[in-house]
Amino acid sequence: NGPSAADQVKNEDNESPDDCTDGAKGWLCSCRVTLACGAATLLTNARLRLGRGCVYGLIGANDSGKSTLLRAIHERRLGDFPSSAELTTVLVEHGVGEKPPECNRTPLEFLLADPQLR
């Protein structure tokens, strides 16, 4: 008999982001998220844990809610997500930067040109 599901969740909640190869220094966010888009519920009480200094990717099928989640993060619509004073986010919508002169920039150059990030 292994640990119960409740014990596993309790233990996971106490974990530190030691497995982040980028040298995380604690959790930036360790919260539960419920997210809906219209009548569709995309996430229900899902755990969102982001370690400081870590880099993450978001992968999913078309129309699975990736952009909706990123927009909710950017707009701070997630309960315990860090404030804009603690974490700066930038949301670049599809089609932005696809025409000259923006299309000649690297993604980093495009973001660093944003007046809000200066």
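**View 1. A polar contact of 3.2 Å joins the side chains of Thr89 and Arg76.** A polar contact is a pair of N or O atoms within 3.5 Å; within protein, one must be able to donate a hydrogen and the other to accept it, and residues adjacent in sequence count only if both atoms are side-chain atoms. This is a predicted model, in which local features need pLDDT of at least 70 and side-chain atom pairs pLDDT 80 or more, while totals for chains, interfaces and linings use all residues. Residues are numbered from 1 along each chain as its sequence is written, and side-chain values use heavy atoms, with hydrogens and water left out. Where does Thr89 sit? Thr89 is in the loop between H2 and H3. The side chain of Thr89 also makes a polar contact with the side chain of His74, at 2.7 Å. Beyond residues up to four places away in sequence, Thr89 touches Ile73, His74 and Arg76; touching, or contact, means heavy atoms within 4.5 Å.

**View 2. The whole chain has three helices and two strands.** Helices (H or I, at least four residues) and strands (E, at least two) are DSSP runs, numbered from the N terminus. From the N terminus on, the order of elements is α-β-β-α-α. Of the 118 residues in the chain, 19% are buried. Buried means under 20% relative accessible area, exposed over 50%, and partly exposed in between (1.4 Å probe, protein chains only). Take the contacts in the chain with a separation of 6 or more: 36% of them join residues 24 or more positions apart.

**View 3. Strands S1 and S2 pair in the antiparallel sense.** S1 covers residues 27-37, and S2 covers residues 40-51. Nine bridges link S1 and S2; two strands pair if DSSP finds at least two bridges between them. Which residue of S2 stands opposite Cys31? Leu48 does. The hairpin of S1 and S2 has two residues between the strands. In this hairpin, Gly38 takes a positive phi near 65°. In a regular strand, side chains alternate between the two faces of the sheet.

**View 4. The largest nonpolar core holds 12 residues.** A nonpolar core is a set of buried Ala, Val, Leu, Ile, Met, Phe, Trp, Tyr and Cys residues joined through side-chain atoms within 4.5 Å. Its members are Leu28, Cys29, Cys31, Val33, Leu35, Leu48, Leu50, Leu69, Ala72, Ile73, Leu78 and Phe81. S1, S2 and H2 each supply at least two residues of this core. S1 gives the largest share, five residues. Leu50 is one of the core residues. Apart from neighbours within four places in sequence, Leu50 is in contact with Trp27, Leu28, Cys29, Tyr56 and Phe81. In soluble globular proteins, nonpolar side chains tend to be buried together.

**View 5. Helix H2 has its buried residues on one face.** Which residues of H2 are buried? They are Thr68, Leu69, Ala72 and Ile73. Seen down the axis of H2, these residues fall within an arc of 135°, so they line one face of the helix. The arc is that of the directions from the helix axis to the C-beta atoms. S1 and S2 are among what covers the buried residues of H2. Look at Thr68 in H2, which spans residues 66-74. Thr68 counts as buried because its relative accessibility is 16%. Leaving aside neighbours within four places in sequence, Thr68 is in contact with Leu35, Cys37, Leu42 and Arg77.

**View 6. Two salt bridges are found.** A salt bridge is a side-chain nitrogen of Lys or Arg within 4 Å of a carboxyl oxygen of Asp or Glu. One joins the side chains of Arg52 and Glu86, at 2.5 Å from N to O. Arg52 lies in the loop between S2 and H2, and Glu86 in the loop between H2 and helix H3 (107-112), so the pair ties together parts that are 34 residues apart in sequence. Arg52 is partly exposed at 33% relative accessibility. Glu86 is partly exposed at 43%. A salt bridge also joins the side chains of Glu75 and Arg77, at 2.8 Å from N to O. Are these two buried or partly exposed? Glu75 is partly exposed at 43% relative accessibility, and Arg77 is partly exposed at 45%. Side chains of opposite charge can pair when their charged atoms come close.
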